[in-house]
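Please look over the sequence and the model below before reading on. The paragraphs that follow go from the whole chain to a strand, a pocket, a side chain and a cavity.

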Amino acid sequence: MEIIKYPVRADWEKLTVRPSLDVTALFDTVRTVLHEVQQEGDAAVKRYGEKFDKVVLSSLLVTEDEFAEAEALVPEELKQAIRIAKGNIEKFHASQRFTGEKVETTPGVTCWQKAVAIEKVGLYIPGGTAPLFSTVLMLAVPARIAGCKEIVLCTPPNREGKVHPAILFAAKVAGVSKIVKAGGIQAIAAMTYGTASVPKVYKIFGPGNQYVTAAKQLVSLKDVAIDMPAGPSEVQVIADETANPSFIAADFLSQAEHGADSQSILVTDCEALIPQVEKAIREQLEQLPRKEITEKSLVNSRIILLKDQQEIIDFTNEYAPEHLIIQTRDYREMAEKIENAGSVFMGAFTPESAGDYASGTNHTLPTNGYAKAYSGVNLDSFIKKITFQEVTADGMKELGETIRVMAANEQLEAHRNAVTVRLNSLP
C-alpha cells in the first residue's frame, strides 16, 4: 500500500489512475464467440460452457424442480435477510417512479413525457469466487418495479450443472422471468442475439470479468444497450481526526476482497491517523479468509495526505469514486460539496456494506472515473421516456410562423411547407 504525503496538484492525475486491463486485446476472442453464438445459438452456448466452465448441459434453463431444491438448501436466516434487503431496495426504487406533467408551452401547444418500461432486459450475474445474489436483487427488483415484461438472468453453473441456491432464491423473490445456465461471453451473446432457449433482450445489465466487459462493449456498439462502462470496483474514504481507524481499515478491506484489481483509497488531512489505520489493516487482514486476494488488491491501494478540507474535496471530485465513505466531524456539510461519486456513505456507522446489501440504494455503480458523467443503476435505467406533443388549430396560428422562419433559415423547405399547408387550411 502506497502512502503519499502532500502531493502537488500536478501529480493528482496519476494518483487517480485505477488498475485496469485494456480489454481491446481480448476483442478477437470475444468476436469469435459472439459470431458463433449468433450463428449456432444454444449449441454454441453449450459448447463454450463445456470449454470455459467445464460443464456439459442437456438444457440451459433452470427448471422448477431446481428452484424448489434451491429453496430447500438456503438457510432460513439467509432467506429472511434476502427478503428484508429486497423490501428496502423495493421501497427506495419505487420512490423514483416518474410522474410526467403536461405543459402548455404556448397557448394551444401541449407537451409531455411518458415513462415506458424497456420490454426485455438481460441481467448478468457472475459465478466467480462469490455468489452475487445481492446483485440479483439490485437489478431484478427495479426491473420489475419499472414494469419490464421479460427479465432474463444469465449466470454460470458449477461443474455439476447447478446454479448457486442463493442466486436462485433471490431471483425467485425478485421476480426474474427466466434463468439461463450460461456465463462469460456466450451469455452476453445469447442475450444479445437470442437463441432457442434465451430471449433476445434490449438492454443488458450486470458486472463481470474482463471477457464479459469486452463482450458488453462490443455488442453495445450496434446490437444492444448496456447499463454503463465497467471496471474494477473501488472505494475512497475521507477521514479526519475524529474517524475510527478500525472502521476505516474494515472499509478498506471489504472493498479489497472483491478482487485483486480492486482499489481502496484513504484521503485525509490528519497525519496522525495514517499509522493507526495501517496497524488496523494489518490486524484485520490476518483474520480474513480471502486474505490472498485482499493482499493483492492492497498493492493498488493508497493513503493520501492533503493539506486541508478544500484539497480533499477537490481531489475527490477529480477521482470520482464509485463508493465514497465520509467519516468526518462535519460529514453532512462535506457531502453537499461532492459532485462526482457513484454512491456516498455518510458518517461513522454507514459502511459500504450497507449499500452493497440492504440499505435500499443500488450497488451497480460507475467505476474508473465514470461517475463524472454516469449515474448508478436506478429505476430510470429500466425505462425509456417518450415525448408527446399536441398542437391545436389555435396553437398552430400562435406558433406556426416561428416554425416557418426557423425552417426557412435552415433551408428545409419541406419542413416549412408542412406548417404552411396547415396555416393555409385555417380560416
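How many helices and strands does the chain have? There are 17 helices and 14 strands. The model is a predicted one. Its C-alpha trace spans about 85 × 60 × 45 Å along the principal axes of the chain. The chain has 427 residues, and buried residues make up 48% of them. Among the contacts in the chain with a separation of 6 or more, 76% are between residues 24 or more positions apart.

Why is β12, residues 323-327, described as largely enclosed by the rest of the structure? The description holds because 5 of its 5 residues are buried, where buried means under 20% relative accessible area. The side chains can also be followed by direction. His323, Ile325 and Gln327 point one way from β12, while Leu324 and Ile326 point the other way. Residues on both sides of β12 are buried.

The neighbours of β12 come next. Strand β9, residues 234-239, is joined to β12 by 5 bridges, and the two strands run parallel. Within this pairing, Val237 has Ile325 of β12 as its bridge partner. Strand β13, residues 343-346, is joined to β12 by 4 bridges, and this pair also runs parallel. Here the bridge partner of His323 is Ser343 in β13. The strand β12 is therefore bridged to both β9 and β13, and it is largely enclosed because each of its 5 residues is buried.

Helices α4 and α7, the latter covering residues 165-174, each supply at least two residues of the lining. By residue class, the lining divides into 11 nonpolar, 6 polar and 4 charged.

Helix α4 spans residues 64-73 and contains Glu66. Is Glu66 buried or exposed? Its relative accessibility is 13%, so Glu66 counts as buried. The side chain of Glu66 makes a polar contact with the side chain of Lys181, at 2.6 Å. Leaving aside residues up to four places away in sequence, Glu66 touches Leu61, Gly161, Lys162, Leu168 and Lys181.

Rolling a probe the size of a water molecule over the atoms shows where empty space is left. The structure holds 1 cavity of 30 Å³ or more. The largest cavity has a volume of about 60 Å³. Which residues line the largest cavity? They are Gly206, Pro207, Gly208, Thr213, Lys216, Gln217, Ile226, Met228, Pro229 and Ala230. Helix α9, residues 210-219, provides the largest share of this lining, with 3 residues. The lining of the largest cavity divides into 5 nonpolar, 4 polar and 1 charged.

Conventions:
Residues are numbered from 1 along each chain as its sequence is written. This is a predicted model: local features need pLDDT of at least 70, side-chain atom pairs count only at pLDDT 80 or more; totals for chains, interfaces and linings use all residues. Side-chain values use heavy atoms; hydrogens and water are left out. On a 1 Å grid over the protein atoms alone, a cavity is a set of points where a 1.4 Å probe fits but cannot get out, and a pocket is an open set with protein on both sides within 12 Å along at least five of seven lines; lining residues have an atom within 4 Å of a point. Grid points are joined across faces, edges and corners, and a volume is the space filled by probe spheres set on the points. Ala, Val, Leu, Ile, Met, Phe, Trp, Tyr, Cys and Pro count as nonpolar, Asp, Glu, Lys and Arg as charged, and the others, Gly among them, as polar. Buried means under 20% relative accessible area, exposed over 50%, partly exposed in between (1.4 Å probe, protein chains only). A polar contact is a pair of N or O atoms within 3.5 Å; within protein, one must be able to donate a hydrogen and the other to accept it, and residues adjacent in sequence count only if both atoms are side-chain atoms. Contact means heavy atoms within 4.5 Å. Two strands pair if DSSP finds at least two bridges between them.
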